[in-house]
Amino acid sequence: MKKIAVILFNLGGPSDIDHVEGFLFNLFNDKNIITLPNPFRWLLAKLISSTRSNKSKKLYQQMGGSSPILKNTQDQAEALAIKLKEIDPDNQYEIMISMRYSKPFSDDLRESIDKFKPDEIILLPLYPQYSTTTTKSSFEDFIPKFKDEFKIKSVCCYPLEENYIKSHQEKIRKSYLENNLKGKDVVILFSAHSIPQKCVDNGDPYQWQIEATVRAIMRDLNLEVSHKICYQSRVGRLKWLEPSTDSEIKNNKDKSMMIVPIAFVSDHLETLVELDIDYKLLANDYGVKDYCRVSALGIEDNFIKSLAKSTIDSVNDLPRMRICPKEFCKCGV
Ligand SMILES: C=CC1=C(C)c2cc3[nH]c(cc4nc(cc5[nH]c(cc1n2)c(C)c5CCC(=O)O)C(CCC(=O)O)=C4C)c(C)c3C=C
Ligand SMILES: [Fe+2]
Ligand SMILES: [Fe+2]
C-alpha cells in the first residue's frame with residue numbers, strides 16, 4: 001500500500017468582492033501570464049489590477065460577489081477520493097487543492113503534506129488541455145517547493161482520455177434531448193477560454209489540444225449537428241485566439257445553438273456570467289431561437305473516472321504517448 005497525495009490544480013477566484021483586486025494582481029503578476037521581468041511585471045500587475053478591478057467586480061457581483069470555483073473544486077476532490085478508493089483500494093489517496101491565484105495556495109498545503117507523509121505526489125491539473133498560462137504556471141509554482149522532500153509525478157494533460165471525451169458526449173446528448181433539438185438545424189459552439197496568439201506561436205499546445213478534443217467528441221457523437229470552435233474571455237489589446245464566441249453567435253444566428261464550455265471543467269464566472277447572461281442576451285438580440293448552454297462537467301461520473309484513471313496510470317508509471325506535433329512541444333507529454 002502506497003500513500004499518494006493528489007494535488008488538484010485550478011486557477012482560483014475571489015472569495016468575496018474585497019478580494020477581487022488582490023486576485024487580479026496575483027494573476028497578472030504571474031510570469032507565465034505577463035512575461036516581463038521584475039520590477040516591470042510587478043508594476044504592470046499593480047496597474048492592470050487596479051484599473052480592471054471595477055469591471056471585474058461588476059462581473060463577480062452578478063454571482064453574489066464571489067467565485068464558486070473553490071466549492072466546485074472541493075466537490076470534484078470529494079468525488080475523486082471516492083472513485084479512487086473504489087478503483088484502487090490497495091493504495092491510500094488523499095486529495096488536496098492548490099489554487100494558483102487565491103487560497104488555498106500551494107504554500108498552504110505544506111502542513112497537510114507533511115502530516116500525510118506521502119510516498120509520492122501526483123500533480124493533476126483541472127485543465128484537460130495543457131497551456132503555459134495554466135498548467136505550466138501551476139507546476140512551476142508547486143514543484144520547487146516540494147521536490148527536495150517528495151517524489152513528484154504529473155499528469156500534464158488529458159485532452160483525449162476516453163472517459164473525458166465520453167463525459168462531454170453524454171452531457172451534449174442529454175442537453176440535445178432535453179431541449180428538443182431533434183430535426184432542427186443545430187450548431188454546437190465549443191467555447192474555450194482564449195489565450196494570446198503569441199503563446200501558441202511560441203509552442204503552447206493549448207489550441208491544438210482543444211481541436212483534438214473537439215474532433216474526438218464529434219467523431220462518434222452521432223447527432224446531426226454542425227460545430228465550430230470559438231474563444232471567449234479575451235483580456236486586453238493583444239491578438240488572442242479567434243474566432244470569438246460572440247462573433248460565432250452572430251454568424252450562426254439562424255440556427256439552434258448549443259454552447260459547450262470546453263477547457264472549463266466546472267461552472268464559474270466564464271460560464272455563469274459570460275455564457276449564461278451576456279451571450280444569452282446577445283443571442284436574443286440577434287434573434288437566435290434556441291440558445292442552450294451545456295453545463296460544465298463538474299462531478300459527472302465519466303469525468304471523475306477520467307481523473308481517477310489518469311491518476312492511477314501515473315502512479316503505475318504507464319508510459320504516455322506524445323500526441324502533440326513537435327512545433328507544440330511545451331507540454332511534458
Ligand atoms: C483554461 C482555462 C483558462 C485559461 C487558459 C486562462 C487564461 C487567462 N486568463 C486571463 C485573465 C483572467 N482570467 C480570469 C478568470 C478566470 N480564468 C479562468 C480560466 C482560464 N484562464 C478561470 C477558471 C477564471 C476564474 C473564474 C472565477 O469564477 O473566478 C480573470 C478574472 C475575471 C475577469 O476579470 O474577467 C482574468 C482577468 C489571462 C490574461 C489568461 C491568459 C494569458
Ligand atoms: Fe482566465
Ligand atoms: Fe501533455
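Two strands count as paired if DSSP finds at least two bridges between them; strands (E, at least two residues) and helices (H or I, at least four) are DSSP runs numbered from the N terminus. A word on what's loaded: this is a predicted model, where local features need pLDDT of at least 70, side-chain atom pairs count only at pLDDT 80 or more, and totals for chains, interfaces and linings use all residues. Residues are numbered from 1 along each chain as its sequence is written, and side-chain values use heavy atoms, leaving out hydrogens and water.

Start by selecting β1 (residues 3–10) and β2 (92–99): they run parallel, paired over eight bridges. Click Ala5 and look across to Glu94 in β2.

Next, pick Leu80. In the largest nonpolar core, with 74 residues, Leu80 and Phe190 touch the most other members. (A core is a set of buried Ala, Val, Leu, Ile, Met, Phe, Trp, Tyr and Cys joined through side-chain atoms within 4.5 Å.) Beyond neighbours within four places in sequence, Leu80 has contacts (heavy atoms within 4.5 Å) with Val6, Leu8, Ile95, Leu124, Ile304, Leu307 and Ala308. Apart from that core lies another, of 13 residues, including Val20, Phe23, Leu24 and Leu27.

Those four lead you to α1 (residues 20–28), whose buried residues are Val20, Phe23, Leu24, Phe25, Leu27 and Phe28. Show α2 (40–61) too: it is among what covers them.

Last stop: Leu160, in the loop between β4 (151–154) and α6 (162–178).

Methods:
Chains lettered and ligands numbered in written order. Buried < 20%, exposed > 50% of the residue type's maximum accessible area, 1.4 Å probe, protein only.
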